[in-house]
Amino acid sequence: MDILLTLIGFVFMLVGIIGSFLPVLPGPPLSWVGLLLLHLTNTVDTNWVFLGITLLIALLVFALDYIIPAMGTKKFGGSKYGMIGTTTGLLVAIIFPILGPLGIIIWPFIGALVGELLNKSDSKTAMRAAFGSLLGFLTGTFIKFLVAVIYLGFFISTVWEHKSSLFSF
């Protein structure tokens with residue numbers, strides 16, 4: 001049973017890394033489930049403090065992923081309309097995955113641009129706000145990827161430490 005939990009946990013770790021790039025999969029929370037499954041084996045001691053801290057980080061990063069693009073829009077001179085457009089574009093990309101994986105980059109950009117143009121901003125301000133949205137999205141993706149890779153490192157380190165007990169045949 002320990003081997004099965006470890007293998008399923010490893011699959012969750014890999015899906016978590018993939019989820020760092022795809023908005024339909026919550027990357028860090030899925031990676032955390034992989035850590036949880038590893039700690040539920042009979043071989044690895046369940047460290048509730050470690051699991052609690054890593055869960056908190058995963059949930060924080062998950063929440064920030066929806067906030068950072070709007071913050072990027074605002075930082076680059078966008079208005080409330082640009083932030084609403086960014087969020088709307090992100091939702092369009094998630095609900096209607098038109099343009100495939102590129103849609104998650106393009107739709108928030110277009111949403112911020114349209115929001116700023118509707119706010120009667122000049123095209124230069126609107127483009128700058130849309131760029132801020134794109135930069136915010138890329139920042140959020142990088143943070144999610146970084147957390148998922150660190151969790152994979154924790155996972156591999158723990159498996160390596162307990163390899164003789166986990167894989168004793």
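Predicted model: local features only at pLDDT ≥ 70, side-chain atom pairs only at ≥ 80, totals over all residues.
Mean pLDDT (the predictor's confidence in each residue, from 0 to 100) is 87 for the protein, and 99% of its residues reach 70 or more. Local features need pLDDT of at least 70 and side-chain atom pairs count only at pLDDT 80 or more, while totals for chains, interfaces and linings use all residues. Residues are numbered from 1 along each chain as its sequence is written, and side-chain values use heavy atoms, with hydrogens and water left out.

**Confidence by element**

- Elements here are DSSP runs numbered from the N terminus: helices are H or I with at least four residues, strands are E with at least two.

**The core**

- A nonpolar core is a set of buried Ala, Val, Leu, Ile, Met, Phe, Trp, Tyr and Cys residues joined through side-chain atoms within 4.5 Å; buried means under 20% relative accessible area, exposed over 50%, and partly exposed in between (1.4 Å probe, protein chains only).
- The largest such core has 17 residues, and the members touching the most others are Met13, Trp32, Leu35, Leu38, Tyr151 and Phe155.
- Two or more residues each come from α1 (2-19), α2 (27-39), α3 (48-75) and α6 (123-161), with α6 giving the largest share, six residues.
- Take Tyr151: beyond its neighbours within four places in sequence, its contacts (heavy atoms within 4.5 Å) are Met13, Pro28, Ser31, Trp32, Leu35, Thr54, Leu55, Ile57 and Ala58.

**The salt bridge**

- With a salt bridge taken as a side-chain nitrogen of Lys or Arg within 4 Å of a carboxyl oxygen of Asp or Glu, the count comes to one.
- That bridge joins the side chains of Asp65 and Lys144, at 3.1 Å from N to O.
- It links distant parts of the chain, with Asp65 in helix α3 and Lys144 in helix α6, 79 residues apart.
- Both Asp65 and Lys144 are buried.

**The nonpolar surface patch**

- Patches use residues with over 30% relative accessible area and no salt bridge, joining like charges within 9 Å and nonpolar side chains (Val, Leu, Ile, Met, Phe, Trp, Tyr) within 5 Å; the areas come from the Shrake-Rupley method with a 1.4 Å probe, and for residues only the protein chains shown count as cover.
- Leu60, Phe62, Leu64, Tyr66, Ile67 and Met71 make a nonpolar patch of about 530 Å².
- One of these, Ile67, sits in helix α3 and counts as partly exposed because its relative accessibility is 42%.

- Ile84 is in helix α4 and is partly exposed, with a relative accessible area of 45%; from Leu56 it is 28 residues away in sequence and 27 Å away in space, C-alpha to C-alpha.
- Ile94 is also in helix α4 (residues 80-95), and its 24% relative accessibility makes it partly exposed.
- Ile106, in helix α5 (residues 103-118), is partly exposed at 29%, and its C-alpha is 14 Å from that of Gly82, 24 residues apart along the chain.

**A loop histidine**

- His162 lies in the loop between α6 and α7 (163-166), and at 18% relative accessibility it counts as buried.
- Leaving out residues up to four places away in sequence, His162 touches Thr43 and Val44.
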